[in-house]
Amino acid sequence: MKKPILILKIGTASITRPDGRPDEPVMVDIARQVAQLHRHHHIVMVSSGAVGMGKRWLTQFSGQMTERKAAAAIGNPILMNKYSQFFAPYDIALAQSLCERRHFSDRSQFLQLRDTFETLWDNNIIPIANENDVVSNLELKFSDNDELATLIAVGFGADLLLLATSVEGVLDAQDQLVPLINTFDAQTMGLARKGTSSAGLGGMISKLTFARLATKMGIKVVIFGARTPDGILKAVNGQTGTICPSQPSSLSARNKWLASGGLVSGRLLIDEGAFAALTKRKSLLAVGVLEILEPFGEGEVFELVKEDLVPIAVARAKISSDALHRQFQARGLEIAHADDIVLL
């Protein structure tokens, strides 16, 4: 029987001390718990911490992009060495996967990545993914590893996405745990605190944003404290942290990839008539476009928004925005076919 797929994202502050050194007792305990789950799940660990572990070797680290790249180059070997050391007692080999945005925006590269991970699983190996900070272009960077974990979860058809953090879960204004989030409305998103760790890029707003996407794609998400005793095992069983149940999703694997992995190049403002047509699985026509907010080329992925500018769909363009501009109100001009549009 095929094992269920579990994605575990571990934040920088969860596995490093304030000075950036690895918090070895926490990492040892993560290895113990993951080793237990490894018997029954295909696991991808998405681990931050490379920048945090490398920055202490740089004088006067200020967090600038080039310094983060240098710190990541130093910290990645340290991070992998520690994980390999702590998984060794369980006879579990690890593989490092340094990912870039193009590995998800280009479907052929994404399928190669998926095939590689499946080969690792077939050989009882756990891949540990991280962004390839050293070479990633600013424009193509992931917002943080919460996004990377979500893209892997959606693209690989994971059943469960665990987001391990330095706090016990999503907290309300009184610092009380919110045990369940069923809807991601303005009130829910308002629970997010602004801060991140000094070495991390994310924060609770990031986790809620990507939990929203993952649950819409049929994946259960749990946001929990990495230092909670048996926290990973309890999160799998829904016994700790903030649980975000999955929502029904009938999207094909290709359209899930389009909704989550396609690198968005442009944006269109559409009217209510066009939106109504999209909800009926109709194609997007030029007559329903109010404004080109950001340009895009033929074949590229773009967002569709209404007047509040909140993304309501993504689509793959049949024509460029330049061609659309030249024929703005042409009757019957198709910008994106229904099969290449995914409502969010």
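T215 counts as buried because its relative accessibility is 0%, where buried means under 20% relative accessible area, exposed over 50% and partly exposed in between (1.4 Å probe, protein chains only). T215 is found in helix 9 (residues 204-216). Leaving out residues up to four places away in sequence, T215 touches F184, V221, C244, P245, S246 and Q247; contact means heavy atoms within 4.5 Å.

This is a predicted model, in which local features need pLDDT of at least 70 and side-chain atom pairs count only at pLDDT 80 or more, while totals for chains, interfaces and linings use all residues. Residues are numbered from 1 along each chain as its sequence is written, and side-chain values use heavy atoms, with hydrogens and water left out.

**The chain as a whole**

The secondary structure comes to 13 helices and 14 strands. Helices (H or I, at least four residues) and strands (E, at least two) are DSSP runs, numbered from the N terminus. Of the 344 residues of the chain, 53% count as buried. Among contacts with a separation of 6 or more, 70% come from residues 24 or more positions apart.

Seven strands form an open sheet with mixed pairing, in the order 3-4-2-1-5-6-7. Two strands pair if DSSP finds at least two bridges between them. Strand 3 (93-99) and strand 7 (242-244) are the edge strands, each pairing on one side only. On average, neighbouring strands of this sheet are turned by 20° against each other, direction ignored. Strand 1 (residues 5-10) and strand 2 (residues 42-47) run parallel and are joined by six bridges. I5 stands opposite H42 in strand 2.

K220 lies in strand 6 (residues 220-225). With a relative accessible area of 26%, K220 is partly exposed. K220 and L161 are 59 residues apart in sequence, and their C-alpha atoms are 6.2 Å apart in space. Not counting residues up to four places away in sequence, K220 touches D159, L160, L161, G238, I243, C244, P245 and S246.

Helix 6 (residues 107-122) lies across strand 1, strand 2, strand 3 and strand 4 (125-131), at about 145° to strand 4. Helix 7 (residues 145-156) lies across strand 1, strand 2, strand 3, strand 4 and strand 5 (160-165), at about 175° to strand 1.

**Helix pairs**

Axes are lines fitted to C-alpha atoms, for helices over the stretch in contact, and angles run from 0 to 180 degrees between N-to-C directions.

| Helix pair | Angle | Axes |
|---|---|---|
| Helix 2 and helix 4 | about 55° | 9 Å apart |
| Helix 7 and helix 9 | roughly 10° | within 9 Å |

Angles under 35 degrees count as roughly parallel, over 145 as roughly antiparallel, 65 to 115 as roughly perpendicular and the rest as oblique. Helix 2 and helix 4 are therefore oblique to each other. E24, M27, V28, A31, V34 and A35 in helix 2 meet L79, K82, Y83, F86 and F87 in helix 4. The residues of this contact divide into nine nonpolar, no polar and two charged. Here Ala, Val, Leu, Ile, Met, Phe, Trp, Tyr, Cys and Pro count as nonpolar, Asp, Glu, Lys and Arg as charged, and the others, Gly among them, as polar.

Helix 7 and helix 9 are therefore roughly parallel to each other. D146, E147, T150 and V154 of helix 7 make the contact with S206, K207, F210, L213 and A214 of helix 9. The residues of the contact of helix 7 with helix 9 divide into four nonpolar, two polar and three charged.
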